[in-house]
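Here is a short tour of one protein chain, written for someone who likes to know how each value was computed. Have the model open beside the text and follow along.

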Amino acid sequence: MQGTEVTISRLQRSVAIALAAVQHGFEEEHLEPRTGYSLDLALPSSRLAVEVDGPYHFLLPEGLGMRRPNGPTLLKRRLLAAAGWRVISVPFYEWNGFATAKERQTYLQGAVAPLLGL
């Protein structure tokens, strides 16, 4: 939220580089004034955000074997949606599963293109 120091992780930097190869115009750490949140990557003209979700954005309930977004992550998504943003989540465990830059670009293209009508 506003007032906190922003640190851009290697994961976020990696996603930003791949996204720039797919779609121009995304801003890093865009401040959304209605909510006070900083968006990892945003295309303000289309109200489209890409949130890079590292390990601290998830819970792994015992015995379930599946990650679920934690409370702060869910709250941010809900408030951004209420403010008119469409949010794409890029979970670390999916991103790290890609072996090549081309695979990462294809993943982002598939996520972004339908929301931009491409």
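## Ground rules

Helices (H or I, at least four residues) and strands (E, at least two) are DSSP runs, numbered from the N terminus. Two strands count as paired if DSSP finds at least two bridges between them.

This is a predicted model, in which local features need pLDDT of at least 70 and side-chain atom pairs count only at pLDDT 80 or more, while totals for chains, interfaces and linings use all residues. Residues are numbered from 1 along each chain as its sequence is written, and side-chain values use heavy atoms, with hydrogens and water left out.

## The chain as a whole

The chain holds 4 helices and 6 strands, which follow the pattern α-β-β-β-β-β-α-β-α-α along the sequence. Its C-alpha trace spans about 40 × 35 × 25 Å along the principal axes.

The accessible surface (Shrake-Rupley method, 1.4 Å probe) comes to about 7000 Å², and 57% of it belongs to carbon and sulfur atoms. Of the 118 residues, 36% count as buried, where buried means under 20% relative accessible area, exposed over 50%, and partly exposed in between (1.4 Å probe, protein chains only). Contact means heavy atoms within 4.5 Å; among contacts between residues at least 6 apart in sequence, 55% join residues at least 24 apart.

Strand 1 and strand 2 run antiparallel and are joined by 4 bridges, with Glu27 facing its bridge partner Ala42 in strand 2. Their hairpin has 6 residues between the strands, and Gly36 there takes a positive phi near 85°. Strand 2 and strand 3 are also antiparallel, over 3 bridges; Leu41 has Val50 as its bridge partner in strand 3, and Leu43 has Leu48. This hairpin has 4 residues between the strands, and Arg47 in the turn has a positive phi of about 50°. Strand 3 (residues 48–53) then pairs with strand 6 in the parallel sense over 6 bridges: Leu48 is partnered by Arg86, and Ala49 stands opposite Val87.

## Covered strands

Which strand is largely enclosed by the rest of the structure? Strand 3 is, because 6 of its 6 residues are buried. Leu48, Val50 and Val52 point one way from strand 3, Ala49, Glu51 and Asp53 point the other way, and all are buried. Strand 2 is mostly covered as well, with 6 of its 6 residues buried.

## Two nonpolar cores

A nonpolar core is a set of buried Ala, Val, Leu, Ile, Met, Phe, Trp, Tyr and Cys residues joined through side-chain atoms within 4.5 Å. The largest has 18 residues, and Val15, Phe26, Leu41 and Val50 have the most contacts inside it. Helix 1, strand 2, strand 3, strand 6, helix 3 (92–95) and helix 4 each give two or more residues to this core; helix 1 gives the most, with 5.

Beyond its neighbours within four places in sequence, Phe26 is in contact with Leu19, Leu41, Ala42, Leu43, Leu48, Val50 and Val112. A second, separate core of 6 residues includes Leu39, Ala42, Ala49 and Leu80.

## A glycine in helix 4

Is Gly110 buried or exposed? Gly110 lies in helix 4 (residues 101–116) and counts as exposed, because its relative accessibility is 51%. The C-alpha atoms of Gly110 and Tyr93 are separated by 17 Å, and the two residues are 17 residues apart along the chain.
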